[in-house]
Amino acid sequence: MAKRDYYDVLGVQKGANADEIKKGFRSKAKELHPDRNADKPDAEAQFKEANEAYDVLKDPEKKAAYDRFGHAAFEGGMGGGGGRPGGGFGGQQGDFGSAFSDVFDDLFGDFMGGQRGGGGGRRAARGSDLRYNLRVTLEDAFAGLQKTINVPTSVSCDSCDGSGAEGGSEPTTCPTCSGMGKVRAQQGFFTVERTCPTCSGMGQIIQNPCKVCSGAGRVEKDRSLSVNIPAGVETGTRIRLAGEGEAGMRGGPSGDLYIFIDVATHDLFERDGKNLFCRVPVSMSSAALGGSIEVPTIDGGRGRVQIPAGSQSGRQMRLRSKGMPALRGGGPGDMFIELAVETPVNLTSRQKELLREFEELSEENNPESSSFFSSVKSFWDSMKG
Ligand SMILES: [Zn+2]
Ligand SMILES: [Zn+2]
């Protein structure tokens with residue numbers, strides 16, 4: 001039987017434009033939909049015919065060849081330009097499900113973001129995002145740092161330029177799924193969609209896989225990356241390096257690399273957001289008499305704080321702007337110094353003598369405070385007062 005004219009098959013004028021061709025195909029596809037034509041044995045063949053016609057006419061190159069040479073363009077490997085083995089398009093679709101998936105794509109592809117790159121159906125999978133845990137010191141988090149990290153990842157294969165095909169040969173569109181990567185099949189009332197078994201969802205098959213990467217288009221490799229860690233990072237801060245994740249399959253886009261920051265605990269400083277806290281021991285006499293103490297700061301320098309006379313243990317002093325820098329705008333935090341008044345130990349007999357004398361003087365000076373119970377009482381009195 002002679003092949004029907006492709007324009008006739010789609011019910012459009014000869015030389016119709018892309019929009020008209022698409023419209024024609026859509027209405028044919030709906031009309032010939034297998035769900036509606038269970039009782040018409042011809043429908044399946046017509047459906048395939050429409051699919052074949054559309055496959056040619058939607059592709060400007062193939063359409064031009066068809067307009068010039070008719071069906072002869074696709075016989076004996078002439079023209080076409082599709083790169084499919086064996087020439088010809090019709091009747092090669094493995095099963096009905098695969099033909100349908102092509103239609104399905106054309107009917108709904110526009111609404112689903114048009115993931116297919118044109119008519120070729122190249123379905124190159126995007127590489128995975130990678131996570132890299134990076135532990136930094138509090139000093140590094142304060143100052144920021146440039147760090148070189150080694151990321152075990154996969155990179156595009158040099159040997160085949162990421163295509164997965166050996167020696168400059170091109171991957172070809174999978175005949176089972178027509179490049180969709182999925183096949184649909186009717187099972188009772190349900191239409192199920194599953195990954196194409198021929199190409200494992202890639203939409204393409206490689207006749208002659210690259211020997212270096214076995215056709216994956218990427219190879220495992222440690223990559224060395226220089227990362228800029230900004231000042232002010234905290235545990236849980238994520239730094240995204242776009243496109244530095246795993247390479248895509250067969251030339252697909254790379255994933256992203258996320259660096260998860262973990263700031264190590266510090267011997268001296270505790271952090272709460274932008275503020276830093278530290279406990280500084282002071283002698284009992286300094287706390288009682290007042291004075292000034294020198295404290296280390298996170299920038300590596302030293303700061304001086306005044307201790308008011310009569311300071312109790314736990315009293316907090318603030319050094320303004322000596323905390324952590326803000327990661328996103330705003331000024332730096334403060335540093336809080338909590339006094340830890342130390343009770344003297346290992347006293348000499350002279351020191352003990354002086355302390356006893358001090359005690360006696362204290363009782364004379366303020367007898368009520370000599371016992372624990374009376375100090376509790378005076379505390380409550382002061383609370384009520
Ligand atoms: Zn390769
Ligand atoms: Zn396939």
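Which residues in H3 meet which residues in H4? In this predicted model, Asp55, Val56 and Leu57 in H3 meet Lys62, Lys63 and Tyr66 in H4, where contact means heavy atoms within 4.5 Å. By class, this contact of H3 with H4 has three nonpolar, no polar and three charged residues.

The axes of helix H3 (residues 41-57) and helix H4 (residues 60-69) come within 6 Å and cross at roughly 105 degrees; H3 and H4 are therefore roughly perpendicular to each other, a label given to angles of 65 to 115 degrees.

Because Cys177 lies in the loop between strand E3 (172-173) and strand E4 (182-187), and Cys196 in the loop between strand E5 (190-195) and strand E6 (204-205), the pair ties together parts that are 19 residues apart in sequence.

Both of these cysteines count as buried, meaning under 20% relative accessible area.

| Residue | Relative accessible area |
|---|---|
| Cys177 | 0% |
| Cys196 | 1% |

Residues are numbered from 1 along each chain as its sequence is written, and chains are lettered from A and ligands numbered from 1 in the order in which they are written. Local features need pLDDT of at least 70, side-chain atom pairs count only at pLDDT 80 or more, and totals for chains, interfaces and linings use all residues, while side-chain values use heavy atoms, with hydrogens and water left out.

Note on methods: Helices (H or I, at least four residues) and strands (E, at least two) are DSSP runs, numbered from the N terminus. Buried means under 20% relative accessible area, exposed over 50%, partly exposed in between (1.4 Å probe, protein chains only). Axes are lines fitted to C-alpha atoms, for helices over the stretch in contact, and angles run from 0 to 180 degrees between N-to-C directions. Angles under 35 degrees count as roughly parallel, over 145 as roughly antiparallel, 65 to 115 as roughly perpendicular and the rest as oblique. Ala, Val, Leu, Ile, Met, Phe, Trp, Tyr, Cys and Pro count as nonpolar, Asp, Glu, Lys and Arg as charged, and the others, Gly among them, as polar.
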